[in-house]
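Subject: Structure handover

Hello,

Here is the structure I promised to pass on. Please look it over first, then read my notes below.

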Amino acid sequence: METIVKPDSVRRAARMPDYAGARATFSWGAARAQMSGLPDGRGLNIAHEAVDRHVAARGRTVALRVLGRDGTTTDITYAELQRRTNRFANALVALGVERGDRVFTLLPRTLDLYVAALGTLKAGCVLSPLFSAFGPEPVAERLRLGEGRVLVTTPRLYERRVRPARDTLPALQHVLLTGEPAAGPDDGEEGFTSLENVLAAVGEEFTIPPTDPEDTALLHFTSGTTGRPKGAVHVHDAVVAHHATATAALDLGADDVFWCTADPGWVTGTSYGIVAPLTHGATLLVDEGDFDAERWYAVLAEHRVTVWYTAPTALRMLAKHGADAAARHDLSALRHVASVGEPLNAEVVRWSADVLGTPVHDNWWQTETGAIMISNFAAEDIRPGSMGRPLPGIEAAVLERGPDGRALRVEGGVRELTTPDTDGELALRVGWPSLFRGYLHADERYAASFAGGWYLTGDVVRRDADGWFWFAGRADDVIKTAGHLVGPFEVESVLMSHPAVAEAAVIGKPDPMAGELVKAFVTLRPGWEPGDALHDELLAFARRRLGSVAPKELAVDPHLPHTRSGKILRRLLKARELGLPEGDLSTVETP
Ligand code: ATP
Ligand code: MG
């Protein structure tokens, strides 16, 4: 088994130096005791833990460092963030917005977004951040589904993304406009308010109302990788998990400069792109710009980022960009790199160890789980290609699957697979604070996600004899070919170990003989030309390594379809291949 061994100095310096010990002694009660709670026992509020609790001791620490698209750098201290978020909460109250009302944001990653998000939570409203690159349909659909009462956006985004469907949004009462000179609707037009004006009219003192830990805090839509996005509901108690998992899985603490590249429109960009680093009193770096290999290296170097949380696609693009680019930048401050969202192939882990000076620590979780569940850890060795082991406080199991590909329901619940290296559905024992509390308007679907005290994740994994988890694929994506079950990830990883292949996606294609036949789509690295010779070589390469489960068909595709959060959309490749309807396209990235 290939292992990347951590030096003793790294192990000792880690914030969780002893994984086994931490797992043995962990309790969520003790993790909850790490929170300060609202004064006078008035409950638990995410924004208090993220902002107000730090002001007395660390008011002058930089909470947010925002890098604008225009090249500006704006530092906001915890004290300043408290004042601004107080004002925002007061503004909501002044508008008559009530606790539990849903406040949506459709904003670029500017300071306004972070202030609105935390101010919303202070006011006891429910935050639903939308990704600003969404088109009018996905925006309207989410606002409708979530019955948004308030929307904070810019005049330009309003005109392009919201106005076309405004008539279909009866619940939307207030549109707060900010950011650019008002090129859109005038202040004074019914239902529009300039955020600046309303903020100027209120004070900067605010007392967070009593907040029950079970009060709803966040509404997050899933990525839409397998179908129509689902609205997952989370409560304030989730902050306990955001905080504890950031220590365990991201090695994060108060003295870190932390950069999470995910947009708050995805759960990662909120749980770890807003909440967790602030609960630790760290400095959170926010970059308004999009991916750009040179600039990203420069950001890591110039701002002395110590902990970096990003996604496999970005890492693959950096790797494709070449090692010289990294060598031109001083990455010596970078201590810990982690990734989530998609399987992380072993190549990238090795590349990172060489080029970034630390291997990437893959971790696994979902919108529904609210926080990292399975991870590689700073003090622990890495088995490249494995997503790691369950966090302290998390019990994970592999369940036997039925004919529909999902966990087999037997009397009294489900059946655990204890034989190592057997494929089954990943399940998590219910009971951690950031587990979602519902799918919006989909109670049956929510109920169907649980059995025998387990939350069923819909992902297929294997656990090896030492307890490490290996991702095989989505329950829907796993391929049945000639009596074998094939996880697409396994095949994709092999293809990507060929020097010509930058990215690979594998689907099952109905076949009269084999049931399904494995078909691969690949994107080539710069300098490689598609052609019969390369096509045959790649198939032969895969056959030598995979045997009978190797792809039988292969196509070179210059641009594989991705979700806007960077995940490969196998369902779309499959629909196109089979000439079927393409389904919900709201989260598809447009190249
Ligand atoms: P939808 O549920 O709408 O189809 P989605 O599942 O992609 O979309 P998210 O909640 O953003 O929405 O993503 C969670 C999923 O991403 C996981 O269930 C898993 O399939 C995949 N994933 C996350 N992290 C990893 C990882 N480290 N390795 C492999 N897959 C991962
Ligand atoms: Mg999902």
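At 1% relative accessibility, His-361 counts as buried. Here buried means under 20% relative accessible area, exposed means over 50%, and partly exposed is in between (1.4 Å probe, protein chains only). His-361 sits in strand S14.

A word on conventions. This is a predicted model, in which local features need pLDDT of at least 70 and side-chain atom pairs count only at pLDDT 80 or more, while totals for chains, interfaces and linings use all residues. Residues are numbered from 1 along each chain as its sequence is written, chains are lettered from A and ligands numbered from 1 in the order in which they are written, and side-chain values use heavy atoms, with hydrogens and water left out. Helices (H or I, at least four residues) and strands (E, at least two) are DSSP runs, numbered from the N terminus.

**The ligand**

How many residues surround ligand 1? The shell has 20 residues, and the closest are Thr-222, Thr-225, Thr-226, Asn-363 and Thr-367. To be counted as near, a residue needs a heavy atom within 4 Å of the molecule.

By class, the shell splits into nine polar, six charged and five nonpolar residues.

Which strand gives the most to the shell? S14 does, with three residues. Strand S14 (360-364) and strand S24 (469-474) each supply at least two.

Domain 1 (8-353) and domain 2 (395-476) both give residues to the shell, so ligand 1 lies between them. The domain bounds come from an automatic or database domain assignment.

- Asn-363: a backbone N or O atom lies 2.6 Å from a nitrogen atom of ligand 1.
- Asp-459: an N or O atom in the side chain is 2.7 Å from an oxygen atom of ligand 1.
- Gly-341: a polar backbone atom is 3.1 Å from a nitrogen atom of ligand 1.

Taken alone, ligand 1 exposes 630 Å², and the protein buries 96% of that. Accessible areas come from the Shrake-Rupley method with a 1.4 Å probe; for residues, only the protein chains shown count as cover.

Start with helix H10 (residues 238-250). Twelve of its 13 residues are buried, so H10 is largely enclosed by the rest of the structure. Among the buried ones are His-242, His-243 and Thr-245. At 1.5 Å a residue, H10 should span 18 Å; its end C-alpha atoms are 17 Å apart, which agrees. The expected span is 1.5 Å times one less than the number of residues.

Just after H10, Asp-251 takes a positive phi of about 60°. Asp-251 lies in the loop between H10 and strand S10 (257-260). Asp-251 is buried, at 5% relative accessible area. Its side chain reaches the backbone nitrogen of Arg-15 at 2.7 Å.

Helix H5 (residues 78-94) has 17 residues. From first C-alpha to last, H5 reaches 24 Å, close to the 24 Å expected. Its buried residues include Tyr-78, Phe-88 and Leu-92. Gly-96 follows H5, with a positive phi near 85°.

**Other spots to check**

Arg-161 belongs to helix H8 (residues 155-162). Is Arg-161 buried or exposed? At 17% relative accessibility, Arg-161 counts as buried. A polar atom of the Arg-161 side chain lies 2.5 Å from the backbone oxygen of Ser-132.

His-441 is in the loop between strand S21 (438-439) and helix H16 (443-447). Its phi is near 55°, a positive value in a residue other than glycine. At 55% relative accessibility, His-441 counts as exposed.

Asp-421 also has a positive phi, near 60°. Asp-421 lies in the loop between strand S19 (413-414) and strand S20 (424-429).

Best wishes

Definitions and conventions
A polar contact is a pair of N or O atoms within 3.5 Å; within protein, one must be able to donate a hydrogen and the other to accept it, and residues adjacent in sequence count only if both atoms are side-chain atoms. Ala, Val, Leu, Ile, Met, Phe, Trp, Tyr, Cys and Pro count as nonpolar, Asp, Glu, Lys and Arg as charged, and the others, Gly among them, as polar.
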